[in-house]
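Please work through each task before reading its solution.

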There are 4 protein chains.
Amino acid sequence: MARFEPKDPDFRRRAAALFDAQPAMRTLGISLVRLDPGEVELAMPHATAFTQQNGFVHAGIITAGLDNACGVAAFSLMPADCDILTVEFKTNLIAPARGERFLFRAQVIKPGRTLTVCEARAVAAHDETVIATMTGTLMAITHRA
Amino acid sequence: MARFEPKDPDFRRRAAALFDAQPAMRTLGISLVRLDPGEVELAMPHATAFTQQNGFVHAGIITAGLDNACGVAAFSLMPADCDILTVEFKTNLIAPARGERFLFRAQVIKPGRTLTVCEARAVAAHDETVIATMTGTLMAITHRA
Amino acid sequence: MARFEPKDPDFRRRAAALFDAQPAMRTLGISLVRLDPGEVELAMPHATAFTQQNGFVHAGIITAGLDNACGVAAFSLMPADCDILTVEFKTNLIAPARGERFLFRAQVIKPGRTLTVCEARAVAAHDETVIATMTGTLMAITHRA
Amino acid sequence: MARFEPKDPDFRRRAAALFDAQPAMRTLGISLVRLDPGEVELAMPHATAFTQQNGFVHAGIITAGLDNACGVAAFSLMPADCDILTVEFKTNLIAPARGERFLFRAQVIKPGRTLTVCEARAVAAHDETVIATMTGTLMAITHRA
């Protein structure tokens, strides 16, 4: 994978702040494990409160983790004065979200001034089983005076 | 839209039971508003616990509602002895999830013995603003002795 | 569906010109049947040259028609000085592309200054069987001096 | 990437035959360059007949190549008595299809008895620029007596 140069040297602090500013991440117990330019890993413990009918974590919750990993990865390459929003994503559910802990790994495929494309995978932490994949498009929103 | 004949006359009870069996729906405050053969409407109140950095409901949470609406809609047309799982979905985020209450409306586009394709929309209840769209594929898993 | 106001009164001529400027459309035998603000219908005859192993039109060719219908629909609502490109699309293949003639119908779901979201369906002309659905995102590229 | 064991030792001949049986591949000038269990590379020359308004290969044609690469990759892992069909795919267009020759590389992410998930990339042959990505779901159709 290509390595990316962050436009903002302060990208770590800024991307972590974006993550911390989202109550949904706290509620889902998702934490930021690793952050490099254009690459992110999040972790989430299994929680019965977020399961579906068979005791696996709900596909929508897995998607929330994947989407956020993509968002933070894309954001890490954006200039300092941007906000970010998700344009679209597509998730393939590969295996049931079985396990005690899940990892969401995203990387930027193509950064852009306006649009950034990311790929992400959700895996079970204990055996790296791929649970789901995502391809998503994120948009930089420039703050204006 | 085509009207569909349920294969199981007891589809209402069975689809409602599927919905009730999911802790994630309870945790997110999502309720089943309407259920017809191949058509479902769910509702979710705004909850700060599930917002992103700008106070809007997180895209992943909106996706959880859309996915579940698709799942229940597909399930309503399946035979009595099936379980269901989501194969994949794609979400376009159209507008911020702003408002006090959100509706998730799904309908079956193509039912099938193995695969069912659904479309869904998330709208703000107060003004019907479209927040997100989903196209998803659901799979019937037949219980075997 | 919402009706849209074109930004450019000359949108018909401009959208038809975009369509005519694409050699791929001519090669595939695709023609522009109907064009309204934010709504388009294209038609394509069956051609053995574009089939897959079972004699049905190849999914990629169906996708070319769907993508183009989305592009022209989105373009019809853009200002006069734009070019357009496709950001992404997702296609669900619903039924084999069987028949003598196929229609690609697209409509804008959400127009935007930068991004426009469209939905489209491919149907068999003789019986309106839905062959495929598409959701796509198109981007306006503003010409600069 | 995981290596896969083909179920059918004769998978090469069978997958090549599937490819050859598609008139659309011949018409588009697409050829099979490499085939391993669950991995495929196809090549396509630039052809003006399949371009859009700016002289780049049409996104739908790129998608036809990506879809076919996914199909052959998935098919290579299926048992001998199957046919295959595409359930759905999603394409992100990353860069204009500029160049003299394009490669479509697909690999199976998750093989399955019924459904197989693949990822693919279209690149320009001369400089490996990523033109488009695909995630797709393919379905095995078992022949019955």
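**Exercise 1.** Which residue is the bridge partner of Thr86(A) in strand 6 of chain A?

*Solution.* The model is predicted: local features need pLDDT of at least 70, side-chain atom pairs count only at pLDDT 80 or more, and totals for chains, interfaces and linings use all residues. Residues are numbered from 1 along each chain as its sequence is written, with chains lettered from A and ligands numbered from 1 in the order in which they are written. Strands (E, at least two residues) and helices (H or I, at least four) are DSSP runs, numbered from the N terminus. The partner of Thr86(A) is Leu138(A). Strand 3 of chain A and strand 6 (residues 130–142) of chain A run antiparallel and are joined by 11 bridges; two strands pair if DSSP finds at least two bridges between them.

**Exercise 2.** Determine how the sheet crosses from one chain to the other.

*Solution.* Step one: strand 3 (residues 82–93) of chain A is joined to strand 3 of chain B by 5 bridges, and the two run antiparallel. Step two: Lys90(A) lies opposite Lys90(B). Step three: the open, antiparallel sheet has 12 strands, in the order 1(A)-2(A)-4(A)-5(A)-6(A)-3(A)-3(B)-6(B)-5(B)-4(B)-2(B)-1(B). Its edge strands are strand 1 (31–36) of chain A and strand 1 (31–36) of chain B, each pairing on one side only.
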